[in-house]
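Hello,

Please find the structure below.

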Amino acid sequence: MNDDELNALAAKLRDLHAEFDEATARAAFEKKAAGLLPDQRARVEALVFFGVGNQIGEVKIDAVAGRDVVKDTQGTATNSGTVYGAAVGVSTGTIQLFFGTRPPEHGAQLLNAYLDALGERYRPLALGHLLTSEQTGNEQAVAPTLPLSAVYTALATDARVPRERFALTPKELDQALAAADPDQVPPDRLRFPVADIDSLHEVAAALRTAHPGAEARSLRELWGSLRRATPRASGGRNTVESIVGQWYEPELAGESLAAPRSRIVLLGNPGSGKSTVLRYLVVCIADALRAGQTTGPAELRGWAGRPLPVPIFCPLGPVAKALGDDPASDLDQLVDAVLHTVFGPAGLRAGLRDTLLSAWSSGGVLLCFDGLDEVIGTPEPTREGPLSRRERLADALRRLAQEVGDSRVVVTCRTKPYQQDTAWQLPSPWQVRQIEPFAFGQVRFFVETWYTQSCAAKGAKLTTEEGRRRAAELLTAIPAKQGLRDICDSPLLLTMVVLLHYNQKQLPDERAEVYEALVGLLLDRWEWVRSSEKAQVRFVPFGERLALPQLRARDLRTALNEIAYTAHCTSQDGSGVITEELIYKLLEPKFRNALNAERPERVSKTAWTDKVERFLDLLVRESGLIQPDSDTTYRLPHLTFEEYLAACALAEQEDVEVAHARWRAGGDRWREPLLLLMGCLRLDKKHRMADAWLTTLLDEIVGQHEKSLTQRQRDAVLAAACYRELGGRRYIQDRWHTSKVDALEARLRAALLAVLEQPAPEILLPLRIEAGAALGQLGDPRIPVTPDAWQRELGRRGEEFAAAGDHYWRYVRPETYQIGGWNKGEPSAKIALPAFWLARFPLTVAQYAPFVADGYGPDAERWWTPEGWAWKDKRTQPWGWDKPEYRGLNQPVIGVTWYEATAFFAWLTEQLQDTLPKDYVVRLPTEAEWEAAAAYDAQMQRQMYPWGDEEPTLDRAIYDASALGRPAPVGSPQKLVPECSFWYQADRAEPPQTKMSWR
């Protein structure tokens, strides 16, 4: 067509647009566009759908569409709508980087059109059918549509990036550590100062490793380790003397892809944000290129100043489905899929074909492959023998990466499937990065940003001040509501929680209630459908959509629960897989009854299978609770919902022996559903089943079968967790007599104590730590807390130098002990010690708590030394006292200075003065007393450790390798005589041991 013909076509299309709507005009345009050259298409599209005379900056749309040259494309273009054509385009530098020195005809227009399509597809926040309307008839959106960039929250990987060196005073170092709290700020604002001191050598060594992932600590655990081991500023330290070290920053997920020739496998749990990272990066780069930039913007960390590649986003699920039976052609299929994403529908941008592949080798492309785990992992017959499609695609990706030179390649996958099967892991030079769960700093940033942007958006139903208040309410509720904090570790589930909160006055109180509300949020969306391609939606009852007017979405909830339960009974890649045949079998009776309640057997197979097919389509497309796994199987993509719905199915079965059978056979896979079952029973008021379940866990026999020792101890720990999930003492008291609560808690304490004192060989440290924490919540009988308990333990103190017995005070005989000299050349001394008693465990939080109430007040001076009283000043508690990770009742108390320790023991001695023998006090042990008790056995043989000369293991002691990030409940390690771990404030000149002795 010549110019006159193009202008005439544009005029006709504008008339259609004015008389009808954009959809009608665009449909007519698409019919004509097949015969147009790319630049002719862009010109007509801009004239019709963006409007002649509209202007961006100093350039009018009709001028650009008329093929005038835009000479200066540097800077940014702001666009509140959709830009069609080449209004602002890629710069000459980008053209050369992507196409080389000889770009194809219309290359700039084609590349502009591709970048526009990328932005239009991936720029909106991907909330799917959650962004429909409230069921009020007023067509008010449940949330405004927001661009992804407005609320994107930086995601960190498990790598830590070294930055510049530092020299800070202790006070400055203390301030820097306080500012690096991941629960306060998102990872893109975090900097960790790691000082060059002995107490941090293990942390620093792990941080400097060349293999990300070797460092086991999360950001929060890393920060906790640094806080505990780094000297902190105090009045007694020289605040001028500098401490040197190195800054480290969390590597951001997008930053990991910045280096040329990067080959990254990006792992994460379901809903962790893997796909969102790629979408965000693709849009950022596309927008920058579209604005004429050739290098990365400063705000895109790791990319600033680097030449920008052209991004390509390719989901792997559809690629896998297109694979034939010949693995030799898999790479061709993968390349074709990549090309198709660039060429677009009907190959409208096929002119890019000749130069796209050559651009790969020059580093001009970022290839983003999403969802390797979504490809079926079951072996199938092929010409080369049984191979899974997942394995075949992994091999195709490996071969493709060898062909694309300096271009970057990233593949996303769920963590567990990738780690569990070496057959399809990608070898070096591929590097693995794992996305970390949200810390609370990220939760805080997302909630505040989401409410701010939502209230500023067009059609917002809240004012800015209302949004600020609602955000603050939610941020208070998340850590306060049981289990909600864990839900919000997932960006996807956090987004749903925010939407739920946005549309309700407050969140439900319990975890099961929150899940139920979230499931309801998804199911309710079935009744709102789009009336056109526009954003408006209209109410269509669920039954009407299935041509069964009497049917409601929730009528099929039981079937959905059964699907999830059946899926969870499998054990493939975390979330379970269920066959299409089994889904049809589960749904058949539901739809037979819906079609003919009186004579369901008369319903034809064709009739009910048609309803099942349509229902499955709704379930997959609109709720997202179920997704295809292959041509004949489905899975629930989010394990969280699978576990909750499986719990609902168990509640409907009302059979505790079936539930216990699942627990026995499936182990920890069924732990979370069984905990959620407690919430279901509470919601459904099935109190007798809840009571029967706790009894089943604590009994030694289930049905006709006697439990093994290991099973009894696993059951005891689960029983304590289920008791907490039910609501504990208050729940039982509200329904039964107090005596029943006392009896139940006594059984729980006895069972948990057995896990700690006589653990089965298979009961490893994590389970013993959980048992210890649960025992602390119920009241640890090993630890005296009240004056009566202290006095009782004094009266039953040990009289033999031995580890045996359950008495709290352990006797140490009068003797001359060798102290020191453990290492070659180290001095030693023989010291005569009189008899004394040493506490069996370090001082716990529960034991110190009464002193916090009494010993920091204005009338407490008599217990403090004069220097200690002056130091205390206005302090009302030890350091870290209000931090949840340090408040376990039977954890060793930490953050206690020598001043506080001596004041505590003066206070305790006063409490026990009528019971202590004459001239005895309770105090800290001396170094010699501590070493004598720890190093000598009952036969007076000196040994390196309390258990002998073997090196520490996780079963014997709590140390850095335990990677707890917090003190363990006392007595958690096995074979520990006496307990060798202690906690103290590391920056004091005289760090106290929180063991107690008296003599």
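**Sheet and helix pair**

Strand β8 (residues 365-370) pairs with strand β9 (residues 408-414) in the parallel sense, over 4 bridges. Strands (E, at least two residues) and helices (H or I, at least four) are DSSP runs, numbered from the N terminus. Two strands pair if DSSP finds at least two bridges between them. L367 has V409 of β9 as its bridge partner.

The model is predicted: local features need pLDDT of at least 70, side-chain atom pairs count only at pLDDT 80 or more, and totals for chains, interfaces and linings use all residues. Residues are numbered from 1 along each chain as its sequence is written, and side-chain values use heavy atoms, without hydrogens and water.

The open sheet has 5 strands in the order β7-β8-β9-β6-β10, with parallel pairing. β7 (310-315) and β10 (431-434) are at the edges; each has a single partner strand, so one side of each lacks a neighbour in the sheet. The twist from one strand to the next averages 20°.

Now the helices. The axes of α17 (residues 440-456) and α18 (residues 464-480) come within 9 Å and cross at roughly 155°. Axes are lines fitted to C-alpha atoms, for helices over the stretch in contact (heavy atoms within 4.5 Å). Angles run from 0 to 180 degrees between N-to-C directions. The two helices, α17 and α18, are therefore roughly antiparallel (over 145 degrees). On the α17 side, the contact residues include F440, V447 and Y451. On the α18 side, they include A471, L474 and I478.

Best regards

Technical notes. Angles under 35 degrees count as roughly parallel, over 145 as roughly antiparallel, 65 to 115 as roughly perpendicular and the rest as oblique.
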